[in-house]
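Welcome! Take a look at it first, and then read on.

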Amino acid sequence: MYFKQKSNVIFRNYGSFGYITDNRNFGYKLTNSNEDYIGDKILSETGSAFFSVLDRNPQPFDELVTKINKIFTEVDISTIQNDAREFYLALEKDGFIVSGETSRECENNDTRFLYNNLVNNTVKKSLNKVVKSSERDTQDFFEEYFKGKPQLTNLHMEITSKCNERCLHCYIPHEKKVNAMEPSLFYNILEQCKEMNVLHLTLSGGEPMLHKDLCDFLQKCREYNFSVNILTNLTLLDNKILQEMKANPLLGIQVSLYSMDSNIHDGITQVKGSFEKTKNGILRLIENDIPLQISCPIMKQNKDCYDDVVKWAEKYKIHVADDFVIIARYNNTTQNLDCRLSLDEVKNIIKNKSLNDINYLDAIKIAAEKKRYTTPNDYVCSVCHSSICIAENGNVYPCAGWQGYIVGNVKENLLNDIWNNSGKVNYLRELRNHDFPKCIQCKDKNFCTMCMVRNANESPTGDPLAVNKYFCDIGKFNKKAVLKFKEKA
């Protein structure tokens, strides 16, 4: 009998316990909902040792027993055999590992992501029994175990600020797009992430494919078993990068596609020919079964045709994130907001979505229902509670788009020290809903999402507490749409 870890599983050893999870918290959403997601599981110290001898290649059971025996030298081999067999079969039933009578059978039982399996919005079931994931996610567990002490599970790295496009709405001023991260700094950060048991990395730019060492970076991420998302325009995709992407089953891509009209897309990127290159890149990822999500921010330039992107993507079962959240530049300049929808345009978009997308209002209602139970003492958002970002020069900042609020630099201090001891980080962590009294009293608050980077970037002084009224009004529109729908029902 052979056993191996499933390809979509992440394992971290904390010494006193082990933690295994599938990639559901970090991979991009598919159009088939989440029916085949496994969930997560806590392992005892012994169970963690048993799991640690597994890897992504099939191994004979006797070989695994020998490795375990080297850890538990005082336990007789027959006891280890019985305990290991029972443990592995239980984990296989839960969906975290696979087995087979031969190495090939074991490998074949590890069903991987295939676009051809996305039929009629349903993923074909695996041969193995899969336990449905619970509502409890990774961060809930860490919150409980570490008694509220924030644990870094997600790191966003901007490996280069250089970009080959000039997108009208970009929150990074183009004159700032000049540098690339030194490989030694990247690998140093990666080692620190490994020590801190980080689970997920986002690599972005600028355009990350402009970095000459991207493939080497991705290879090291794969060796360390990191879940990885790459934010890219795909215009520079080549065979070498494609093959490295395929090698990591925990990797996904987010790409921006603004319109199926090349003139409109190229007008937004300000690069002629970018539409064809991006579309062809998307099709190549689909051909090679690399999971991806399309980002299609709605702005003045594409407000009448963004839905064509959604319809085109549906043919390939690709999820499209389409919204109208355009934020100001991180240096507090607002020229890029010239392309942001007016409130009347937003109202029309919400109306059209309500009429044409049966899931749109349901999503708003579900989110509003959850917010009913928030209290004035709850956190405002997850900023610096589970994630943080690093620019190509080593500057650390709270979240994507908030590069103007520097909380430290990894060239000067360890990431762990910045995470735990930065005064600016701790200031953000101490903020609660009650620090936004206007929002606490607002009757539409359940239909609105507070975002401090939106506040800070649009505030002349960079104040994260300066509530942005534009998004308050959008919350009102959402509430009215839901109430109108209820009246009709």
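Is Lys476 buried or partly exposed? With a relative accessible area of 37%, Lys476 is partly exposed. Please keep in mind that this is a predicted model.

**Strand β11 and its neighbours**

- Start with strand β11, which spans residues 227-232: five of its six residues are buried, so the rest of the structure largely encloses this strand.
- On one pairing, β11 runs parallel to strand β10 (residues 200-204), and four bridges join the two.
- To locate this pairing, look for Leu201, whose bridge partner in β11 is Val228.
- Together with helix α7 (residues 214-223), strands β10 and β11 make up a β-α-β unit that is right-handed.
- β11 also pairs with strand β12 (residues 251-256), again in the parallel sense, over five bridges.
- Here you can look for Thr232, which has Val255 in β12 as its bridge partner.
- Between β11 and β12 the chain passes through helix α8 (residues 239-247), in a β-α-β crossover that is right-handed.

**Salt bridges between separate parts of the chain**

- In the whole structure, a search finds 19 salt bridges.
- One of them brings together the side chains of Asp94 and Lys41, at 3.0 Å from N to O.
- This pair links distant parts of the chain, as Asp94 sits in helix α3 (residues 77-94) and Lys41 in strand β4 (residues 40-43), 53 residues apart.
- Asp94 is buried at 19% relative accessible area, whereas Lys41 is partly exposed at 29%.
- Another salt bridge joins the side chains of Lys353 and Asp322, at 2.6 Å from N to O.
- Lys353 belongs to helix α12 (residues 343-356) and Asp322 to the loop between β14 (320-321) and α12, so their contact ties together parts that lie 31 residues apart in sequence.
- Both partners are buried: Lys353 has a relative accessibility of 8%, and Asp322 has a relative accessible area of 18%.

- Back at Lys476, you will find a salt bridge with Asp473, in which the closest N and O atoms are 3.9 Å apart.
- Lys476 and Asp473 are both in helix α18 (residues 469-488), and because they are three residues apart, about one helical turn separates them.
- While Lys476 is partly exposed, Asp473 counts as buried, at 11% relative accessibility.

Technical notes: Residues are numbered from 1 along each chain as its sequence is written. This is a predicted model: local features need pLDDT of at least 70, side-chain atom pairs count only at pLDDT 80 or more; totals for chains, interfaces and linings use all residues. Side-chain values use heavy atoms; hydrogens and water are left out. Buried means under 20% relative accessible area, exposed over 50%, partly exposed in between (1.4 Å probe, protein chains only). Two strands pair if DSSP finds at least two bridges between them. A crossover is right-handed if, with the strands pointing away from the viewer, the path from the first strand over the helix to the second runs clockwise. A salt bridge is a side-chain nitrogen of Lys or Arg within 4 Å of a carboxyl oxygen of Asp or Glu.
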